[in-house]
Number of protein chains: 4
Amino acid sequence: MTHTASVVGASGFTGGELVRLLSSHPEFEVTQATSREYANRTVGSVHPNLRALDLRFSEPDDLEPVDVLFAATPHGVSMAHVDGFREAADLVVDLSADFRLGSEEEYEKWYDGHDRPALLEESVYALPELHREELPGANLIAAGGCNATAAIVGLAPLFDAGVLDGSEHVVVDVKVGSSEGGAGGGNASSHPERSGVVRPYAPTGHRHEAEIEAEFGCSVSFSAHAVDMIRGAAATCHVFPDEPVGKSDLWGVYRESYEDEPFVRLVAGGSGVYRYPEPKAVAGTNDAEVGFEVDPRNERVVVFSAIDNMMKGSAGQAVHAANVALGFDERAGLDFQGLHPVGAP
Amino acid sequence: MTHTASVVGASGFTGGELVRLLSSHPEFEVTQATSREYANRTVGSVHPNLRALDLRFSEPDDLEPVDVLFAATPHGVSMAHVDGFREAADLVVDLSADFRLGSEEEYEKWYDGHDRPALLEESVYALPELHREELPGANLIAAGGCNATAAIVGLAPLFDAGVLDGSEHVVVDVKVGSSEGGAGGGNASSHPERSGVVRPYAPTGHRHEAEIEAEFGCSVSFSAHAVDMIRGAAATCHVFPDEPVGKSDLWGVYRESYEDEPFVRLVAGGSGVYRYPEPKAVAGTNDAEVGFEVDPRNERVVVFSAIDNMMKGSAGQAVHAANVALGFDERAGLDFQGLHPVGAP
Amino acid sequence: MTHTASVVGASGFTGGELVRLLSSHPEFEVTQATSREYANRTVGSVHPNLRALDLRFSEPDDLEPVDVLFAATPHGVSMAHVDGFREAADLVVDLSADFRLGSEEEYEKWYDGHDRPALLEESVYALPELHREELPGANLIAAGGCNATAAIVGLAPLFDAGVLDGSEHVVVDVKVGSSEGGAGGGNASSHPERSGVVRPYAPTGHRHEAEIEAEFGCSVSFSAHAVDMIRGAAATCHVFPDEPVGKSDLWGVYRESYEDEPFVRLVAGGSGVYRYPEPKAVAGTNDAEVGFEVDPRNERVVVFSAIDNMMKGSAGQAVHAANVALGFDERAGLDFQGLHPVGAP
Amino acid sequence: MTHTASVVGASGFTGGELVRLLSSHPEFEVTQATSREYANRTVGSVHPNLRALDLRFSEPDDLEPVDVLFAATPHGVSMAHVDGFREAADLVVDLSADFRLGSEEEYEKWYDGHDRPALLEESVYALPELHREELPGANLIAAGGCNATAAIVGLAPLFDAGVLDGSEHVVVDVKVGSSEGGAGGGNASSHPERSGVVRPYAPTGHRHEAEIEAEFGCSVSFSAHAVDMIRGAAATCHVFPDEPVGKSDLWGVYRESYEDEPFVRLVAGGSGVYRYPEPKAVAGTNDAEVGFEVDPRNERVVVFSAIDNMMKGSAGQAVHAANVALGFDERAGLDFQGLHPVGAP
């Protein structure tokens, strides 16, 4: 262990994932995990998978100096406390939406404005598949939103290869698990109400649309549905390229983008039970599965992508980005292979 | 009870639903339920909810004369046995795909051709919301496909009102339960593999596309996903009208189509946990929920619809159509209100 | 409709079930459904299955006179308001624990005492299979607890037939759904935490033990586990009769008790998928399934019973008891047959 | 990697777990994974979590020499092929029931006899918490049954400390996931039928009873229930000690047995959502959680234990035993911490 790390907001779901990942990461020692609500209690009292871990929550007001501070706080908290975070650590990796967009205008438009707009140019959007070059040397990294990550990973090769140029209709229909709502949700998140739903939420105007559009410079028609899983985000992107494209073309396009990526695998047809990207198959891992199919009758390409929203879509992406930023092996601390079989992930 | 009815293929899932509905229908007496595999065993030995019913499966080769024969057999069986069905009954209501499309050409294109093409003109597509006028006097009725029904019920008002004219991109992204695969599915349908999935299947070229296109005379981009429920089909339709349309316009359009429909209710926003159509809310019933939202940024309309695939999407639609055809109260035998709370339906 | 009925506490889960049952009951008209929190909103805004019902919640302080008042309020509320209830209605059916036990001493021991102990002798424990004779003419009826009902229905025939005399070890191991926790549960009931659990709760000293012991006059070792369903209570009773008993003896014992019962069916072995009592098979119904097996190696009898905790275990039992009390057909309003297949009920 | 290993029967669920564990184990290199059905296909085509693994199934008839052969074949196969296994490897670890019991008589009584009874004395029951001393030097190890392991881990301290002496009633009520049925189950295991059940199976005379009795030398009343999870076995043991015992006594008893065990943790009350052993909390790990409660009213002790049936209850136990047998770090290859939150495991 060569670096110290702290987790601010460690009693939440993604905070717990950060503690899990960092506590078994070969390069990190977790020296602090904060929670105002659970201060002085063991981390395992909230995250039962970590009951064996000898670590207690501490108050978020006394941040110890560390090499890397990971912030897993609700929207708005990081922008309010970012100066303290940066005082405590050389590198801040933020999991909230506070530093994902590039300008104050975008925060005016999609959120409620921004407290520290000067930092927006400095911050780097984490997703290493798209921003690997910008990460080394960064001192403020913003992990992407889960739904946005699922969509971006699926669509990026089409934009990179010019199959799409931004003028086409792009429909992104996402299915997500209940962990997206965070710990302690209200009545709508109670087990009797939430189980078994196919519930549209923010069917239009979802804030993650902004992140996708920021990457591709075009408008996307985004809708999300809550389905009966806990972890996982699966994006189905329906796109209509101007020029016809064949399946083997798509294989070429996606291999070009992803063949050397340590956390992306292509799954598009073939035999067996799992012929397309499947959230279950990546639950608990930092992997993204991406697949595609051509619909010649409708001049459509359908792209499927599946991630664990708390891993590739949040805490895993954060650790991956930190690995890249600090020059570690990219897979350090992220080598869990996932389970089979496994239930609603 | 004024009419006799039989169910051919009664050991399957939709066959069981037919027996359930007809056995408590005020106008029907179920005199025969056939199953080759389970002949002579009680209906309740296969369908545990019907354990109190005093009825045994009989061989399908000895059809008794009845007023109405409901066929819930796999694709291809009804077209092979339709003459026998019609000999046994004045009215045949078929739940398979065998008599849904209008011409032999369509069966060549989407299926493996047709044995009795002459009957295709005679058969009536059941969905009463669209075909109420054609049902009285029909003697061959084809209940619609579940996914197709979900999509058609959602989109029909937009076509009727001219919001769509068939030239636009229409994306239909469906989420369905495991009962669609029928009883006794293979490895992919086993509980450990099937639980918790968001599994694309027939992501392009799904046969229900043909039914939707037959109703609207235009091409639709259809993809289906298996999610973790047993009953239910939820369709999300993403459409791009040429002319801008507002939410209040849509309320007008949908009320115009559905305000007098006994089995359609509009759910579009408002307060509470269930703000949009939800399969859980209609599980076990013949109801369809339909809702919509406008996305001005993308000049998009999103339409949500939710049905129980075995009820409104199959057996319930069949009974509803028979009610209309025979002049019964439309809600006869279909007045179950559904449950709350309820799990994965 | 010959009688008026009101539901106090109608926004809760069992309150919603009461409204559902009574609104389609041939003898009842629901004239009032109260909810302090949701007053003036439609019943369907809380219970989505009842969206078509033309009924709004009213304040609980203005009770209209009715023939029967059903109270579905939390423990302690009914005993505080029972005089008002009785002023408003000739018959009060209470779904809480407030009038289930027979004496103030028991309430001191198991609860926090009782406000109106004089009424405890007057009140009748609803379960018609055991108390049918006491119900006609009653004016205060206490519907049994769900777990207690499951256990009592399973064990009663053994006590009635003298297979057990109360001196033996009786272990009752119950598995229940999340609806038992009621609407709006806290963090432990949130979907991410509650899904997929096998969670012991009140592993010893559960209050329903008191009800079971009141019926049989003996001590029972009761433990409950929350499992991943919404509706349902399944009791496994492990008992050790002093005298050896065979399976055919048990068939005799259970048939003697239940062969004429409209809501109990025996399921003990046989073929098919559902060979023993199964909560799924009775979800939404007022039925109880009861089965048993002999374990000669351990001189044990295992009894299985399954009910829908909100129906036979609460609202359904209440309506059933009212039917008996008022001389209606016992199955009036309770004839839903349940569904197959169906998910986590 | 210091040792070679092969997995026979690698396309099954526990076979897949073995490949997963061994392929990331610091001391093992997996050189062969056999499957008759899937020979020549990639391991990842069956186990989607292993899609990145460069390994193909080979025919089981050509076993390569290895240091350790792990057999994950159905009951009866290992006893038929054990000579070939032992020819191929110095150490054979068998996951089936074929070498768990101690004598031919027991196999006559509980199974269908035994082909190679001479080996029964030689084989060591894996569970390291009870048999750590016998494992070094063993060349035939039998991993315990999942349900038996859950029960044994829960009860062993009570027998060791003399709280139980074998003359008392011991009720073991187990709740298990669908992975116990293995891959490719039939109709009863299909998603629509299996979801949401509380299904008693082998309610008496379950074969795992034999294993539990072999450890403790007494009779246990065992019943298992299939509930809606994929992984996991939770045992609730209801026992009636002759002498009264208090909760602090039990803490002493269990700490004495388990305080140095790397894979057992005690969870008995306290605060938070997860106050007792919970299968979700150990899913994917080799950990066992054990807890207890005293019921003075009934002179009962209730013991709860929770494991992942495929890990601690099978493949994980096998690797743990091999680690002990070969002198590796006990936690080698078994350090995954599990996830939170996570769905039906």
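**Helix packing and chain contacts**

Reply: In this predicted model, helix H6 of chain C passes helix H8 of chain C in a right-handed crossing.

Me: At roughly what angle do the axes of H6(C) and H8(C) cross, and within what distance do they come?

Reply: The axes of H6(C), residues 146–160, and H8(C), residues 208–216, cross at roughly 25 degrees and come within 9 Å. Angles under 35 degrees count as roughly parallel, and H6(C) and H8(C) are therefore roughly parallel to each other.

Me: Which residues in H6(C) and H8(C) meet?

Reply: From H6(C), C:Asn147, C:Ala148, C:Ala151, C:Ile152, C:Leu155 and C:Phe159 meet C:His208, C:Glu211, C:Ile212, C:Glu215 and C:Phe216 of H8(C). Sorted by class, that contact has seven nonpolar, two polar and two charged residues.

Me: Switching topic, how many residues of chain C are in contact with chain D?

Reply: Chain C has 46 residues in contact with 47 residues of chain D. The elements of chain C that give two or more residues to this side include strand E7 (170–176), helix H7 (191–194) and strand E13 (300–307). On the side of chain C that touches chain D, 20 residues are nonpolar, 15 polar and eleven charged.

Me: And what does the contact with chain B take from chain C?

Reply: That contact takes 34 residues from chain C and 34 residues from chain B. On the chain C side, helix H1 (13–23) and helix H2 (43–46) each supply at least two residues, and H1(C) gives the most, with three.

Me: What are the classes on that side of chain C?

Reply: The side of chain C that touches chain B has 15 nonpolar, 13 polar and six charged residues.

Technical notes: Residues are numbered from 1 along each chain as its sequence is written. Chains are lettered from A and ligands numbered from 1 in the order in which they are written. This is a predicted model: local features need pLDDT of at least 70, side-chain atom pairs count only at pLDDT 80 or more; totals for chains, interfaces and linings use all residues. Axes are lines fitted to C-alpha atoms, for helices over the stretch in contact, and angles run from 0 to 180 degrees between N-to-C directions. Helices (H or I, at least four residues) and strands (E, at least two) are DSSP runs, numbered from the N terminus. Angles under 35 degrees count as roughly parallel, over 145 as roughly antiparallel, 65 to 115 as roughly perpendicular and the rest as oblique. A crossing is left-handed if the near helix is turned anticlockwise from the far one by less than a right angle, and right-handed if clockwise. Two residues are in contact if their C-beta atoms, placed from the backbone, lie within 7 Å. Ala, Val, Leu, Ile, Met, Phe, Trp, Tyr, Cys and Pro count as nonpolar, Asp, Glu, Lys and Arg as charged, and the others, Gly among them, as polar.
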